[in-house]
Amino acid sequence: MPQELWSRDEIAEHLGIAPGSVRAALRRMGLTPVDYTPGPSGRPMARYAAADVRAAAEQRPGQGARTDRHQT
């Protein structure tokens, strides 16, 4: 069964962020592209495994989370 791959726009929609912010967000999450495919302009377009994006998104802290404080 081939894995589902998402483009920048699909990831932006899933995460609720602007398409221009996707690369930085994925880099912070530690995700790297699975492959590249020619985009509409002919330039390579990165694609990421949808399962990896979903898993990383679940691990993100929620809005207003105090990540600078450690729970004891």
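Tutor: Before we start, a definition: the radius of gyration is taken here over C-alpha atoms, and the globule rule that goes with it is 2.2 Å times the number of residues to the power 0.38. Please also keep in mind that this is a predicted model.

Student: OK, so what radius of gyration does the protein have, and what would a compact globule have?

Tutor: The protein has a radius of gyration of 14 Å, whereas a compact globule of 72 residues would have one near 11 Å. Along its principal axes, the C-alpha trace spans about 50 × 30 × 15 Å.

Student: How much of the protein counts as buried?

Tutor: Of its 72 residues, 21% count as buried. The protein exposes about 5800 Å², and carbon and sulfur atoms supply 47% of that area.

Student: Switching topic, how many helices and strands are there, and in which order do the elements run?

Tutor: There are three helices and three strands, and from the N terminus on the elements run β-α-α-β-β-α.

Student: In what order do the strands sit in the sheet?

Tutor: The three strands form an open sheet in the order S1-S3-S2, and their pairing is antiparallel. Strand S1 (5-6) and S2 stand at the edges with a single partner strand each, so one side of each is left without a neighbour in the sheet.

Student: And how many bridges join S2 to S3?

Tutor: Four bridges join these two strands, which run antiparallel. Among the bridge partners, aspartate 35 goes with arginine 47 in S3, and threonine 37 goes with methionine 45, likewise in S3.

Student: What about the turn, how many residues lie between S2 and S3?

Tutor: S2 and S3 form a hairpin with five residues between them, and glycine 42 in the turn has a positive phi of about 95 degrees.

Student: Is serine 41 buried or exposed, and why?

Tutor: Serine 41 counts as exposed because its relative accessibility is 62%, and the cut-off for exposed is over 50%.

Student: Which backbone atom lies 3.5 Å from a polar atom of the serine 41 side chain?

Tutor: That is the backbone nitrogen of arginine 43, which lies 3.5 Å from a polar atom of the side chain of serine 41.

Student: One last thing, what separates the C-alpha atoms of serine 41 and proline 19?

Tutor: Those C-alpha atoms are separated by 16 Å, and serine 41 and proline 19 are 22 residues apart along the chain.

Key: Residues are numbered from 1 along each chain as its sequence is written. This is a predicted model: local features need pLDDT of at least 70, side-chain atom pairs count only at pLDDT 80 or more; totals for chains, interfaces and linings use all residues. Side-chain values use heavy atoms; hydrogens and water are left out. Buried means under 20% relative accessible area, exposed over 50%, partly exposed in between (1.4 Å probe, protein chains only). A polar contact is a pair of N or O atoms within 3.5 Å; within protein, one must be able to donate a hydrogen and the other to accept it, and residues adjacent in sequence count only if both atoms are side-chain atoms. Two strands pair if DSSP finds at least two bridges between them. Accessible areas come from the Shrake-Rupley method with a 1.4 Å probe; for residues, only the protein chains shown count as cover.
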